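Biologist: I'm new to this structure, so please take me through one part slowly: the salt bridges, and then whatever their helices lead on to. Spell out your terms as you go.

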Amino acid sequence: MSRDTGSSPSRGRVTGGTRVGPLGAAEFAPLVREVCEQLDITEIAAAVGVSFGGLQAVHVAEDREQGVPRLMLHSCAPSTLPYPDTRAEAIVGPVVFSPLLQGLVWRLVRRMVGSDAGLRRMMARLSRLPVDDWWGQLSAADRDEARALFQSMGSDSGFAIDLRQGRARDAAARRDALSKVPCPTLVTGSPHDRGVSYAHAEDLAAVIPDAVLVELDSASHLFWIGAGRARVGLIVGAFIDE
């Protein structure tokens with residue numbers, strides 16, 4: 001259950017290109033239930049939050065009508081800690097990814113990652129490790145997958161909305177939501193992730209009642225790309241099968 005947004009010329013929240021408006025995390029959950037009903041999905045293995053999709057997945061897991069048996073949160077923020085993690089990011093992020101500028105920003109990103117050199121620079125920004133330490137471990141398929149991801153991205157006004165949900169003043173509300181998760185929860189994160197501090201994973205695992213924290217060795221925020229992919233698959237599979 002990721003709330004990463006797809007490209008759209010419209011204003012407002014889009015998910016996979018579908019316009020749903022400027023919804024908060026709690027408002028997002030009933031729409032997920034509605035989609036499952038329309039698709040006749042009656043059995044759910046887990047709600048999954050990736051990156052900024054964490055709070056949305058939390059609220060879906062709390063929807064008793066949905067009956068979600070497990071929750072998985074991968075490299076998610078915010079926790080009860082505020083996000084972005086630095087003051088500079090908190091100031092620049094809402095401007096760069098504002099509805100007025102985001103189209104230009106993502107066009108520049110798509111152009112940049114067209115070359116391996118540009119993709120390397122983009123990926124380096126998502127890791128705390130020197131890029132020379134891990135770039136050579138990425139296969140051609142890994143690089144193609146990362147490039148395709150960046151080239152498909154767009155945020156419209158969605159990213160700005162997500163940034164607002166990480167404000168320090170809303171920490172109590174986030175703590176309240178996290179403390180009410182009714183199902184077993186898997187939390188993963190990597191200390192090498194520069195996109196989301198590992199402190200968020202630690203905090204999520206500490207606040208959610210029945211949570212287990214697994215530290216990944218992923219080199220970047222894109223934890224599913226690279227040598228650690230197989231281990232992530234095993235961890236998720238074991239959690240689902242419990």
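Modeller: Here is a walk from the salt bridges to a sheet, with some aromatic rings at the end.

First, some housekeeping. Residues are numbered from 1 along each chain as its sequence is written, and side-chain values use heavy atoms, with hydrogens and water left out. This is a predicted model, where local features need pLDDT of at least 70 and side-chain atom pairs count only at pLDDT 80 or more, while totals for chains, interfaces and linings use all residues.

Now the salt bridges: there are ten in the structure. The term means a side-chain nitrogen of Lys or Arg within 4 Å of a carboxyl oxygen of Asp or Glu. One of them joins Asp 116 to Arg 143, with 3.5 Å between the closest N and O atoms. These two come from distant parts of the chain, 27 residues apart: Asp 116 belongs to helix H5 (residues 116–124) and Arg 143 to helix H6 (residues 140–152). Helices (H or I, at least four residues) and strands (E, at least two) are DSSP runs, numbered from the N terminus. Asp 116 has a relative accessible area of 38%, so it is partly exposed. That label sits between buried (under 20% relative accessible area) and exposed (over 50%), using a 1.4 Å probe and protein chains only.

Glu 145 and Arg 229 meet in a salt bridge, 2.8 Å from N to O. Here the partners are 84 residues apart, Glu 145 in H6 and Arg 229 in helix H10 (residues 229–241). Both ends are partly exposed, Arg 229 at 37% and Glu 145 at 29% relative accessibility.

Two strands pair if DSSP finds at least two bridges between them. E6 and strand E5 (residues 185–189) run parallel and are joined by five bridges. Among the residues involved, Thr 188 has Val 214 in E6 as its bridge partner.

Last, the aromatic rings, which form four pairs in the whole structure. In one, Trp 134 and Trp 135 are edge-to-face, 6.4 Å centre to centre with 65° between the planes. Trp 134 is buried at 5% relative accessibility, and Trp 135 is buried at 12%. Phe 223 and Trp 224 are also edge-to-face, with centres 5.0 Å apart and planes at 85°. Phe 223 is buried at 6%, whereas Trp 224 is partly exposed at 25%. Rings of Phe, Tyr and Trp (its six-membered ring) pair if their centres lie within 6.5 Å; planes under 30 degrees apart count as stacked, over 60 as edge-to-face and the rest as tilted.
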